[in-house]
Amino acid sequence: MDMSEKSVFSKTVDAYNIAVSEIKITGDIAYYGQLLGLKIDTFKVITEDGFVLILHHLYKSSASGESDIWSSKKPVLFIHGLFCSSETYLTGGRKSLAYHMVDSNFDVWLGNNRGGFNPKHSRLSNYDPQMWNWDITEMAKYDLPALLSFVKSHNNHVSSKVSVIAHSQGTAECVFAMLKQNDNRCMEYMEKCVLLAPAIYGGTMLQDKWFLKLMRHTPDIIYKLLFGVNGFMPIMTLSRNIGHKTALFSHAAYTLLNYLAGWDDSLWNREVRQLHLLFAPVCISNKLIRWWLRPETEAGFATGKSIISEEGQWFDKRCPELFVVIGGQDKLVNGELLVQRLKNVETDLDGRWDYLVVELYSHLDLIFADDVLNKVGEPVVNFLKN
């Protein structure tokens, strides 16, 4: 496929069955599913360490209106990126990856990590520092296995395993879960894994932005005084919860993203940009942000190195098949370094992985671009069905 060729998909398919101007702005993902002829069931999944995760199940409405929860189709679980929620995989409507997977006859689940818009724990209060004492390590150890186990137990496909599609931070969560030394239960549940914009090696943007350098070099004691030990900048989530229905919030969120990360919406359907930005930011821990900005002496993602400090092979033959999708203009992560590692170091994965570079895409284009189905969706479907 010629990645520089302009997709014709955007010219022939509308995002929704009604004019975008008639779509309500709401935080209820079921409403957007209904516009697409989908039913969405929502479940609460409790992790081993007590966090309450939100999991959405998508399926086409039947004439009887009955749930398709015991589907015999191949199950696919989506995992979102930093500050995002699972709903971002559906906001593009019929041009979204989640809808495309339903339309391609998969059993589709949208998983959320700990935190979210309304953080819950079975024992801890939101004011307890232990409620926020987590980073990628806990997400890989507890969140991903809990979501995979729930999906696996509510699906009747003959393979009895679940494929995962992850974006950005979600890819780091998956890779940590698949490390051979972690002996994580995830590998018992996973069939294949798609890594969109893999956040394993840091990109040049992290070294170019002065505010990220400042945060990285801030001593722990000063960092805690500035940001606390609980949720990271709760004012962001509060602002979203209050103002998400307004065009002002959408404009402010986009302007901030454009300034901080240099991303723009030139490849998006701008009519649905407000929907793309509707389901973020979510609550996350200060410890998670600190983890990503660790100094070079630890792992060094923020200085262009990997999130994993171990030398030698990271994966063994238990690792599921991998499909790595890289944006050629992505400055936040360096997917090429992961590809080089898979080629030169990970010999146990020989013949069990593939990759794709979409030259014109930046970090968020891999989920929000107007032609994402042609450039990403179809190759992903082919990989999962192969």
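Residues are numbered from 1 along each chain as its sequence is written, and side-chain values use heavy atoms, leaving out hydrogens and water. Because the model is predicted, local features need pLDDT of at least 70 and side-chain atom pairs count only at pLDDT 80 or more, while totals for chains, interfaces and linings use all residues.

Visitor: How many disulfides does a search of the whole structure find?
Guide: A disulfide is a covalent bond between the sulfur atoms of two cysteines. Here it means a pair of cysteine sulfur atoms within 2.5 Å. The closest cysteine sulfur to that of Cys193 is in Cys174, and at 4.1 Å it is too far for a bond. The whole-structure count is zero.

Visitor: Which cysteine has the closest sulfur to that of Cys186?
Guide: Cys186 is buried, at 0% relative accessibility (buried means under 20% relative accessible area, exposed over 50%, partly exposed in between, with a 1.4 Å probe and protein chains only). Its closest cysteine sulfur is 7.6 Å away, too far for a bond, and belongs to Cys174.

Visitor: Which element gives the largest share of the lining of the second largest pocket?
Guide: Residues nearest the centre of this pocket include Ile54 and Phe117. α2 (29-35), β1 (38-46) and β2 (52-60) each supply at least two lining residues; helices (H or I, at least four residues) and strands (E, at least two) are DSSP runs, numbered from the N terminus. The largest share, four residues, comes from β2.

Technical notes:
On a 1 Å grid over the protein atoms alone, a cavity is a set of points where a 1.4 Å probe fits but cannot get out, and a pocket is an open set with protein on both sides within 12 Å along at least five of seven lines; lining residues have an atom within 4 Å of a point.
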